[in-house]
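Reader: Hi, could you walk me through this one slowly? I'm new to reading structures.

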Amino acid sequence: MTNRDPDLPDASGTLPTPPPGSSALDDAQTSSSVMVGLLGEDVSAKANMAFPVVGVGASAGGLVAVTQLLQALPADTGASFVIIQHLAPDVTSNLSEILSRSTLMPVCEVCDEPEVEPDHVYVIPPGRDMIIAGGKLVLLEQDRYARRRGIDQFFCSLAEECGHKAIGVVLSGAMSDGTLGLEAIKAAGGITFAQNDSAQHDSMPRSAVASGCVDFVLPPDQIAHEIARIARHPYVAPARSEALVEDASGHVRIAEIVHRALGVDFTHYKTNTLLRRIARRMVLHKMTTMREYEDYLRRDPAEVEALFRDILISVTTFFRDPESCEALAQTVFPKLFAGRTRQEPVRIWTLGCSTGEEAYSLAMVYAECAEVAGSDVPLQLFATDLNSICVEKARTGVYPASIEQHVSPTRLQRFFTKEEAGYRICKDIRERCIFSRHNVLVDPPFSRVDLISCRNLLIYMEPVLQKQIMTLLHYSLKPGGHLWLGRSETAGASRALFDVEDVRNKIFVRRVGRSVPGLTFRAALGGGRTEPFLRAAPGAPLEVPRHNLPKEAERILLAKYVPPGVVISAAMEIVQFRGDTGPYLAPAAGAPSLHLLKMLREGLLVGVRAAILRAGEEARPVREERLRVQSDQGFRELAVEVIPIKVGDVKQSGFLVLFDEHGKSDRGSLGAREDSPVAPATADKIATTTNDEIIRLTQELAATREYLQAVIEQHEAVNEELQSANEESQSANEEMQSVNEELETSKEEIQSSNEELATVNDELNSRNLELSLLNTSLRVARNYAESIVANIRSPLLVLDAEFRVKTASAAFYETFQVSLTATEGRLIYDLGNGQWNIAALRKLLEELLPQNHQIDDYEVRHSFENIGFRTMVLNAQRLVPAADNEALIVLAIEDVTERARADQTLRESQDRLRHAADAAGLTYVEVDFARSRLRAAENFAAVMGYALPLEEAVDTAAGPRLLLDHVIALDRPRVEAALQDFLQGKAPGKIVYRVRGDDQVERWIESVWSTENGPDGKPLRSFATNLDISEMKLAEEHGKLLMAEVNHRAKNLLAVVQAIAQQTVKHADPATFVKRLTDRIEGLTTSQDLLVQNNWRGVDVSRLVEGQLAHFKDLIGKRILLMGPTARLTPAAAQGIGMALHELATNASKYGSLSNKVGRVHISWKVAEVPTPIFTMRWLEEGGPKVELPTRRGFGQTVIGRMAESAVDGTVEVEYRESGLSWQLSAPVAGTIERERDEPST
Amino acid sequence: MNRPHDVPTDRQRTTRMLVVEDEPLIALGLEEVLIDAGFAISGVVGKLDQALALIEGGTCDAAIVDANLAGVNASPLAVSLAARGLPYIVMSGYSSDQLRGEYPRAVFLSKPCRPELLLETLNALLLRGQN
């Protein structure tokens, strides 16, 4: 069996204790003649066993205790012993073997459901639970995960099985198992023991003792002695003595004693209950006769209390009857919520609340229902009990952990708080319940109650009391209020007062009607509760008050002889109903009204109204005959008489309206005295003398009668008034009493609150002390902190949540040159004309800080009014507010302006250096011998074309060799040798070499090596400063090439001059030679100039022509006509053609068309592309002297002929025409003309 | 025109000279000096391929080579001449250390060169070759 819901009864029936209510139901209904039924819980009827059975529960430390117990027990007690020891479930137990050494009784481990026999010891096997049922021990599967409740389980079954013959012993053990079981045994009339502080683990016995259900607290051996004694006592012994009933009136006398001492009369409690409880006390006190006990009671008031408590003992649990609880929740509570407001609390009264479990259960169910229904109607729950100890316990609201059996985890969670001792009812539920000692039979009842829970109380009572109580409950309930009885109880004789709502769950509804409780409540509320209550005489009508008999007699008389009627006020409101007015009056539909005219049944309205009006006008009684009223049997005929009633000075205080169906009877009208009821006497046989006398007397008598009648009427009226007033005051009195009683309850509540407050006060005092101690240490800490702040050199600000300055350190005033008054309490942004109103600061305070508790090193650059531009580093910290302190911000300010400036300067200087080094292609490597590190500058790779590992740890001996890796093979031996020399100090460290980078580019590097020595002369560091001199080298190469070129050209030119001189010298005298040579060199120079001007990249044809014909500059465009496209001649062509043009021009000026004043020269050239690219140039003279063929071939002819051809690899045709010389040169374009146009595409 | 050597020797008469010079005036001068000295002229050319064709055609016995033929290095001619055991003189505006390329067994003369020095050198060279 697993996961049993503790709130539900177990359907499978293995739960050892069925809900006690259900067993009592059987008792009460089926076997009233047996000695029974005292309590719902009193299972004495089930004392099936003929001998006592002792249950011994033990856990940790139990073995020693059990052994001691058995050793001290005689072997022939006649009782049976069952040992319930908590055992490890998986371990075989030797317990029975061990225990058998301590006793002569047979000891056996239980198996196979043995019949229990006297003078035997039974031991529970490991891993099982056990109960006793039908005289046998029954083993149950143990719920491995349930809390250990094996002892409770067995004890409960023992209580049920053996009743008053059950004896429970709780020995050493931890936790609280056994407590509930002992309670059950005690409730069943059994006897209970717990080990005293001799227990090794005392929490189990202590828990039992704390519950108040333990009769004896003793060491184990003394428990054994007591058991041995009790086992032979007639109370439990198999041969039951009649000693207890020998004294038939003994219990009555004892009840008297209790009554006198405590004011509670148990005379009408069920006799057997009383006997059982008395007998139990006798057992405990080792007494055998009731007389003996009676004497003891008279001597010892404490025993009276003890007996009183024993009589009232009961077992109650949370949610004891879940089904009925549910029924209440489903049917009753919802009705209570309906149509109510917060101002109308639901009132519940729980009678016989015992230790409060039921009351709290109701309050919890109510709370749950209210939550489901969404109702906020408050609850006022009165819980009362006779037993003030129980009430006291209920008020504390603390219950042992074992209530987990009955209360679901959800409810435990919601309604209880876990404490060391168990569970405490939560404040919310506790506050709704008002506990009070209250004797339902004596003390005034609560009134206007919505629901009364009176469970298992009536069954204690004799029928007479039951009836009284039911009447009283009827009185207390509101109309339509509910009554909840125990399972075994019924409305019984008071059925007339209640309707059944739920027969199964015993829920009743108060019937409409008025009940007068047949009890007189104690009037003196302030006094003790010792005054005996008055009992109603059996058979007396309950509604008759017992005092004022004459008045009552009058009332009976009136009821009997006076017709029914009503007393109405002048406004026709009914003041009093008299007699049975039902046939004439009925409540009208609509709002309740007591207006007579509205209540009159059909047929009466006109006649009655007229009669009242007349009676009012005439101030005398008026009778209206023959009125008809509709009734169930048809119309009835009647007379109505209206009599005005005067009270005091008021003329018409009201009317008496009588309904007289016997109007024709001889009684006649009560009020109309006009018709004398006395008939005139027959006087014929009487003497005349006496006749007159008789007439006179008769008249006098009539007058007297009339007077008397008036007096009587007056008296009656007054009487009625008085009675009415009396009734009203009585009713008021009853209400007052009820209110008073509530006040009494409240007073007790207040006292209890006072107690709590005193406790709280103590606690607060002690806290105060603690606080003042804390305060002192806080002050010390504060002084400490303040002195730190005062001495700190950085400015410090403390701001509140709105950024107002709370305090500032002295350094702040100093640094920012501001005064205290202009700082404290002001917004930080407003300080010093808003010099702190900085966007960056705002960002820090308003954006960053709310998201972080702390901001470190927040830099602010700002120009301050007094101190100029500053760089500040801010450290801000938000102090988390403790309790209701305001949030604070601490702002530490550090002026780092100088540092920042220095940093900046250094950074800039480093940057410059780096830029310079980068630009120069300068880098360095450092070998740190001390730290075995090779460090290369950042730009090393950029300069050298390969990377050295930065900050690499190296073998310092091999370190420098790393530098050789990228030196080209050709230079390496040289570098290595130089390095070696350098390291040995033989040579200065400077060398030029080539390295090949990772990019395969060869670089020229100039390295300068230097070493820094330590104080001991050993090298600390070596530096290699490397400079990339590749460009320098390149320039050097270029220069050399250029020199060679210049050399070549100069010499070539000189060679040309030499050739010219050789040619010129052939046919000339010295003077001519000089002139000619000069001319030719000049021509050569011209071409050279043009070539140099154009960077030796060719000369434009026209410019070449103009250059060579510079002597004829004025003639160009006039007599020398040029025509041709722009075309650039190659240097060779320019030189060859240039010389040819020079010779042609010299010749023309000497012999040709330029030798006279009219001749012309046409110089034209063109570049033709087809059929092959050919450059042609023509020199054509005209208008000169007649041309003659030259007589000899001179140098000139060679120059314009062969030499020109050779220069351009072309052909020259020369014609000596009569009109002038014609010179034409044709040459392939390639080699002659620079094809500039092609250049971009190639 | 002054003649340095009035009487040409047999050797001069039977030696066919190749002049490789890109500058026509210089080439003209050289040709005149050689002709005046009695040498047979195998060819006067200014370009590398023309000169190579003449050397490979076996039409010359010795050569005067300008090292720089309009920017083209004349080293291949030197190699080709040396391979055939033909004596040659390299004339150049460059000094010998400025010259690039191979000139096996070359005799260098710097421009401008006195005709006498040229002829002396040439004769000495031819004599050495004969011996």
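Author: Gladly, and please keep in mind throughout that this is a predicted model. Let us begin with helix α5 of chain A, where the elements of chain A that cover its buried residues include β1 (53-58), α4 (150-162), β7 (166-170), β8 (191-195) and α6 (203-210).

Reader: ok, and how many of the residues in that α5 helix are buried?

Author: Helix α5 of chain A spans residues 179-187 and is mostly covered, with nine of its nine residues counted as buried. Among them are A:Leu180, A:Leu182 and A:Ile185, but also the residues A:Glu183 and A:Lys186.

Reader: what follows α5(A)?

Author: After α5(A) comes A:Gly189, and the phi of A:Gly189 is positive, near 95°.

Reader: Switching topic: at what angle do α8 and α10 of chain A pack?

Author: Helix α8 (residues 250-262) and helix α10 (residues 290-299), both of chain A, pack at an angle of about 5°, and their axes are 10 Å apart. Because angles under 35 degrees count as roughly parallel, α8(A) is described as roughly parallel to α10(A).

Reader: and which residues meet there?

Author: From α8(A) there are A:Gly250, A:Arg253, A:Ile254 and A:Ile257, which meet A:Met290, A:Arg291, A:Glu294, A:Leu297 and A:Arg298 of α10(A). Sorted by class, this contact between α8(A) and α10(A) has four nonpolar, one polar and four charged residues.

Note on methods:
Residues are numbered from 1 along each chain as its sequence is written. Chains are lettered from A and ligands numbered from 1 in the order in which they are written. This is a predicted model: local features need pLDDT of at least 70, side-chain atom pairs count only at pLDDT 80 or more; totals for chains, interfaces and linings use all residues. Axes are lines fitted to C-alpha atoms, for helices over the stretch in contact, and angles run from 0 to 180 degrees between N-to-C directions. Helices (H or I, at least four residues) and strands (E, at least two) are DSSP runs, numbered from the N terminus. Angles under 35 degrees count as roughly parallel, over 145 as roughly antiparallel, 65 to 115 as roughly perpendicular and the rest as oblique. Two residues are in contact if their C-beta atoms, placed from the backbone, lie within 7 Å. Ala, Val, Leu, Ile, Met, Phe, Trp, Tyr, Cys and Pro count as nonpolar, Asp, Glu, Lys and Arg as charged, and the others, Gly among them, as polar. A residue is buried if 20 or more other C-beta atoms lie within 10 Å of its own, exposed if 12 or fewer, and partly exposed in between; C-beta atoms are placed from the backbone.
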